[in-house]
Amino acid sequence: MKLIIRGEWLGNANTLLLFSLICTTCISVTLTQGQPKVNEKICKELPAPKFLLPKQLPLTALASFQGSGNTWVRQILAGATGYKTGDIYLSYGDDEYPEFSSAHNDSVLAIKTHTFSASSSDDFQFRRALVIARHPLDALYSEFNRVYGGNKTGYAEKLHLVNTDGSLTWKWDTWMTHITSWIDFYKYWIKVFPGKAYIIYYNNLKHRTFSELEGAIRFLGLEPDYVRLNCTIEFPKPAYFKRTNTPPPVDKKTLFRFSISKADKAIGIFKQLIFSEFGAESETYKRFNLDISVKDLL
């Protein structure tokens, strides 16, 4: 058996060590220094997210291409900070979910938007942005399922994806042309948008949640509340709109096989944008992660 030990140090204090050990054919170790120990009781007793004070923070966009997990990011960002997030689309009322508000002003921490034009961002007078980046094929697949599956938690039926002879439908082929819109979205928020931007990489947020969230929180001008942050990670609330674990009607390898080269080109453009706007030595460039969720596609 090959033994691999992977470690990550977070924090500076030489106090508490939290070990996360997973052993199958390897051991993955996460070492967190100096953070408060939490338990389920402590986490359940945390107060619900609240509104910001007037002009406490600049108006901030939470910008993402459709299908990139914006609602999930809103949920964990609110949980980790204790402040509500907003939405330009008025998707949810203030009483439906404690992390969400229909507000789109400076009473909320960040405001969900999928827009990518100067006129749109000027309308809401955003001064800075958290920008969620997810692999274009994963994002497009997620949004296709939302549109043709009827909601955020199901899958589009097979008839929307493949024809009876096994070929891909015109709906899916047409949908894949939106990769160009994916590029345009990030060109706007990284290059054109006049305010500061912080890139949240979806994959990092899933697998290195602590450091990705901590960076976003500091960008917002808040001092991390490590009790709330650790509760969000150690005792996460179920995602409100997580897709079901039932097998999809068509596997991604079949759907993506003709689009992977176009997606790779789009990712190359994205990475060059990060390089030109932030620099090779920046944390934004070093954290770059747009891996696809399907291995060995080719």
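Guide: What follows is a set of questions about a predicted model.

Visitor: What makes cysteine 43 and cysteine 231 a disulfide?

Guide: The cut-off is a pair of cysteine sulfur atoms within 2.5 Å. The sulfur atoms of cysteine 43 and cysteine 231 are 2.0 Å apart, so the pair meets the definition. A search of the whole structure finds 1 disulfide.

Visitor: Where in the chain are the two cysteines of the pair?

Guide: Cysteine 43 lies in helix α1 (residues 40-44) and cysteine 231 in helix α9 (residues 226-234). They are 188 residues apart, and the pair links distant parts of the chain.

Visitor: Why is the disulfide called left-handed?

Guide: Because the torsion about the S-S bond of cysteine 43 and cysteine 231 is about -85°.

Visitor: How do you know whether cysteine 43 is buried or exposed?

Guide: Buried means under 20% relative accessible area. Cysteine 43 has 14%, so cysteine 43 is buried. Cysteine 231 has 6% relative accessibility, so cysteine 231 also counts as buried.

Visitor: Which residues have the most contacts inside the largest nonpolar core?

Guide: They are Trp172, Trp182, Tyr186, Trp189 and Phe270, in a core of 47 residues. The element that gives the most to this core is α6, with 8 residues.

Visitor: What is tryptophan 172 in contact with, leaving aside its neighbours within four places in sequence?

Guide: Tryptophan 172 is in contact with Tyr141, Phe144, His160, Leu161, Leu255 and Phe256. A second, separate core has 24 residues, including Leu62, Tyr83, Phe210 and Tyr226.

Methods
Residues numbered from 1 in each chain as written. Predicted model: local features only at pLDDT ≥ 70, side-chain atom pairs only at ≥ 80, totals over all residues. Heavy atoms only, no water. Helix = DSSP H or I, 4+ residues; strand = E, 2+ residues; numbered from the N terminus. Buried < 20%, exposed > 50% of the residue type's maximum accessible area, 1.4 Å probe, protein only. Core = buried A, V, L, I, M, F, W, Y, C linked by side-chain atoms within 4.5 Å. Contact = heavy atoms within 4.5 Å.
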